[in-house]
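Reader: Hi! Could you walk me through this one while I have it open?
Author: Happy to, let's take a look together.

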Amino acid sequence: MNFSKLVGKELTRYPRREVLPSSKIRVKPFDVESTLAEVTEARKCHARKYHGPDSLLYSAIYPIVSIMKVLGLAPYDFTGDQLVPSNCYLLFSFVFMGTYSYIIRNVCARFLAVQREKVILNVVETAKVMMNYLIAMYDLTLVIFTRKTFCRIWNAQQDFDERLSQLGYPRKEVKTRIAAWVLLISQIVIWTVVNQSGMFAYNETWLFNMSYMCLYVTNATSVYKFFGMTSFLGQRFHRLNQIARDNLPSRVGYKSTSVSKKTIQELHDELMIFGESLGSLYSWSLFFWLGNLSIHIISNLYLIIDWIIATNGYNLSWPLIFNMSSWLVGYVGQLLALHIVCDYTITEANFMAVTLVEWDARIVERYPHKDTVLSTLHFLNRRLHFSAGGLFDVKLSLLSSIVGMMSTYLIILLEFPSS
């Protein structure tokens with residue numbers, strides 16, 4: 001009896017819980033703030049991939065890379081996370097070299113058989129297509145023999161992105177993806193307009209017009225391949241400059257920095273090696289592209305102005321004018337792209353010296369006994385530049401010189417009779 005009372009007394013201390021039937025839904029309380037914090041933390045901890053075919057950069061430009069592979073301008077593939085030369089995609093390079101040789105034979109035979117009113121048109125058009133053929137063959141040959149160098153540059157870029165991510169500055173590549181699609185769509189529109197207007201203006205078949213355009217499309221793709229690689233370099237220089245400015249020592253008080261000056265210098269050295277290798281790889285290509293584009297722009301402007309003058313503005317062949325203008329838009333776009341991207345990357349690369357000098361000035365101002373200036377002097381002398389065959393540097397100031405030269409030659413051509 002005493003035992004039953006004792007048990008009953010003890011049980012009264014623990015209230016009876018009502019057991020819900022299994023069919024009844026159990027509602028868990030939902031806290032918006034805690035859930036949002038968990039999602040945010042999960043996103044921060046989510047590892048971004050900077051190597052291999054699933055990397056952020058490669059995924060952003062994958063459509064353009066696929067076109068380059070088909071045209072034989074990207075004989076590379078991934079083995080694991082590293083870009084390596086690919087013998088499979090190398091076959092496309094050899095196939096297109098043979099295809100272009102066959103195309104140039106048929107195009108030249110067609111041009112020589114056509115009797116135009118002005119003899120200069122036969123010479124100009126044949127010379128232009130031959131020049132494009134030689135440049136296309138040079139670009140394909142360069143791609144074949146420099147596959148390992150290009151792969152080393154790309155892999156070094158992947159390592160740089162990975163290191164920035166470890167320092168707490170990951171790249172998202174959203175702007176790169178948007179720019180890639182804008183470039184791809186704009187080029188499709190331009191070359192489609194050129195093709196359709198050319199077929200209508202010259203009464204050509206689609207096959208012949210496309211075979212004629214194929215050389216020009218390949219050269220444009222080579223130009224924008226260099227444009228892409230150089231712009232990637234410029235973006236990374238720009239990002240590193242931002243990191244350096246964010247971590248500058250404070251003039252007053254104490255400011256903790258997440259990235260040291262030595263780390264920034266090492267990262268800048270890596271990018272400079274990347275840029276110098278890229279400039280050396282495309283040195284003669286830049287020279288050939290600039291010369292080819294300048295000659296084509298002068299030629300198209302001359303033909304357009306000559307037709308307008310010859311007809312006194314009446315009975316103009318508007319389909320011909322429109323087709324030539326479409327070609328002109330494509331050439332001018334490539335010329336501007338080369339100068340703008342080189343100038344942007346050079347400016348961002350050489351700006352680091354200014355930031356490091358400011359870093360040293362702040363340290364010396366607060367700690368006069370520390371001598372850190374000597375470690376920055378070589379940054380003032382080591383300047384990145386993109387040389388066209390070692391003859392001149394490609395930047396925006398060169399563009400004004402090219403425009404002046406083209407204007408001079410255009411005036412000289414217009415003063416001579418065209419027949």
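Reader: What should helix 9 span at 1.5 Å a residue, and how far apart are its end C-alpha atoms?
Author: This is a predicted model. In it, helix 9 covers residues 206-246, and at 1.5 Å a residue those 41 residues should span 60 Å. The end C-alpha atoms of helix 9 are 56 Å apart, which agrees.

Reader: Nice. Where does helix 9 bend?
Author: At M213, by about 35 degrees.

Reader: And how many of the residues of helix 9 are buried?
Author: 30 of the 41, so helix 9 is largely enclosed by the rest of the structure.

Reader: Okay, what about its packing with helix 12: at what angle, and how far apart are the axes?
Author: Helix 9 packs with helix 12 (residues 318-350) at an angle of about 25 degrees, and their axes are 8 Å apart. Angles under 35 degrees count as roughly parallel, so that is how helix 9 and helix 12 lie to each other.

Reader: Is that crossing left-handed or right-handed?
Author: Helix 9 and helix 12 cross in a left-handed way. The residues of their contact divide into 18 nonpolar, 10 polar and 1 charged.

Reader: Changing topic: where is E173 found?
Author: E173 is in the loop that runs between helix 7 (147-166) and helix 8 (174-202).

Reader: Buried or exposed?
Author: E173 counts as buried, because its relative accessibility is 6% and the cut-off for buried is under 20%.

Reader: And what is phi of E173 near?
Author: Near 65 degrees, a positive value in a residue other than glycine. Most residues other than glycine have a negative phi.

Conventions
Residues are numbered from 1 along each chain as its sequence is written. This is a predicted model: local features need pLDDT of at least 70, side-chain atom pairs count only at pLDDT 80 or more; totals for chains, interfaces and linings use all residues. Side-chain values use heavy atoms; hydrogens and water are left out. Helices (H or I, at least four residues) and strands (E, at least two) are DSSP runs, numbered from the N terminus. The expected span of a helix is 1.5 Å times one less than its number of residues. The bend at a residue is the angle between axes fitted to the seven residues ending there and the seven starting there. Buried means under 20% relative accessible area, exposed over 50%, partly exposed in between (1.4 Å probe, protein chains only). Axes are lines fitted to C-alpha atoms, for helices over the stretch in contact, and angles run from 0 to 180 degrees between N-to-C directions. Angles under 35 degrees count as roughly parallel, over 145 as roughly antiparallel, 65 to 115 as roughly perpendicular and the rest as oblique. A crossing is left-handed if the near helix is turned anticlockwise from the far one by less than a right angle, and right-handed if clockwise. Ala, Val, Leu, Ile, Met, Phe, Trp, Tyr, Cys and Pro count as nonpolar, Asp, Glu, Lys and Arg as charged, and the others, Gly among them, as polar.
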